[in-house]
Amino acid sequence: MDMAENTQESIRRAVVTGASTGIGEATVRALRADNWHVIAVARRADRLANLAQETGAVAQPADITNDDDVAAILAAVEADGGIDTLINIAGGARGSDSVAEAKTDDWEWMYRVNVLGTMKMIRAFLPMLRAHGEGTVLNLSSTAGIVAYEGGAGYSAAKFAEHGITRALRLEEAEHNIRVVEVLPGMVATEEFALNRTGGNAEAAAKVYAGVAKPLTAEDVADVVRYAVSVPHHVNLDDIVIRPVAQAAAHKVIRN
Ligand code: 8X3
């Protein structure tokens with residue numbers, strides 16, 4: 001299958017959220033390596049500035065859960081010439097508590113970032129993507145968005161919701177020729193995912209991947225994202241589930 005080529009005449013243009021670390025950062029690198037024009041969005045301006053300097057991406061520091069920030073991202077992207085592809089990667093987990101022990105703050109944070117932040121970015125950019133004529137929205141959710149596990153209720157609730165948004169959006173926007181892709185990774189060993197989930201407890205975070213020979217890397221997932229947004233526009237990869245071989249299911253992980 002021919003991949004879309006980034007030639008001088010037609011450069012593909014994307015916004016990538018969650019760009020300061022992990023899968024978001026790796027996606028910025030992967031797209032820039034293919035000569036995409038990339039606007040990298042994340043809260044941490046210092047990390048974004050370094051990434052921008054290294055890769056040539058445009059840094060846009062912002063909090064996607066904040067309405068004024070989302071309006072500022074949109075204005076900056078409009079001034080920059082627009083995009084054809086919105087890649088929502090910002091998200092994450094906080095806590096591994098059972099429902100019986102659920103912490104409201106953690107659940108609210110997860111809902112805000114994974115669900116409301118994703119919705120706000122999509123809502124803001126849909127007019128631009130519709131006007132382009134061949135728009136793409138890619139949402140990075142999780143296998144936790146299709147399978148629940150003990151201790152995962154809050155994260156699953158947010159990711160099931162993100163999965164629901166993605167499915168409804170695909171139905172709503174097909175008539176505007178917007179393709180809507182969802183990438184659902186399982187265990188990915190990134191710098192910060194488990195650390196955030198455990199409230200910065202490095203020992204507990206390390207246990208998540210203990211004995212797993214080869215968890216996925218951020219680069220593995222970013223390569224799949226890059227592929228999914230680069231195939232010809234009429235090809236819509238609806239749901240892409242990606243796990244390491246060692247994680248045959250959420251409840252079955254091979255540890256040595
Ligand atoms: C991460 C996958 O298994 O930690 O999104 O829920 S899992």
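Reply: A definition comes first: on a 1 Å grid over the protein atoms alone, a cavity is a set of points where a 1.4 Å probe fits but cannot get out, and lining residues have an atom within 4 Å of a point. This is a predicted model, in which local features need pLDDT of at least 70, side-chain atom pairs count only at pLDDT 80 or more, and totals for chains, interfaces and linings use all residues. Residues are numbered from 1 along each chain as its sequence is written, and side-chain values use heavy atoms, with hydrogens and water left out.

Me: How many cavities of 30 Å³ or more are there?

Reply: The count comes to one cavity of 30 Å³ or more. The largest cavity has a volume of about 60 Å³, a volume being the space filled by probe spheres set on the points, with grid points joined across faces, edges and corners.

Me: Which residues line the largest cavity?

Reply: Its lining consists of Arg94, Gly95, Ser96, Asp97, Asp106, Trp107, Met110, Gly151, Gly152, Ala153, Gly154 and Tyr155. They divide into four nonpolar, five polar and three charged; Ala, Val, Leu, Ile, Met, Phe, Trp, Tyr, Cys and Pro count as nonpolar, Asp, Glu, Lys and Arg as charged, and the others, Gly among them, as polar.

Me: Which helices each supply at least two residues of that lining?

Reply: Helix 4 (104–132) and helix 5 (153–173) do. Helices are DSSP runs (H or I, at least four residues), numbered from the N terminus.

Me: At what angle do the axes of helix 4 and helix 5 cross?

Reply: The axes cross at roughly 15° and come within 8 Å. They are lines fitted to C-alpha atoms over the stretch in contact, and angles run from 0 to 180 degrees between N-to-C directions. Helix 4 and helix 5 are therefore roughly parallel, the term for angles under 35 degrees.

Me: Which residues meet there?

Reply: Among them are Trp107, Met110 and Tyr111 in helix 4, and Ala153, Gly154 and Tyr155 in helix 5; contact means heavy atoms within 4.5 Å. By class, this contact has 14 nonpolar, three polar and four charged residues.

Me: New topic. How do helix 1 and helix 8 pack?

Reply: Helix 1 and helix 8 (residues 218–230) pack at an angle of about 50°, with their axes 8 Å apart.

Conventions:
1 Å grid on protein atoms, 1.4 Å probe; cavity = no way out; pocket = protein on both sides within 12 Å on 5 of 7 lines; lining within 4 Å. Parallel < 35°, antiparallel > 145°, perpendicular 65-115°, else oblique.
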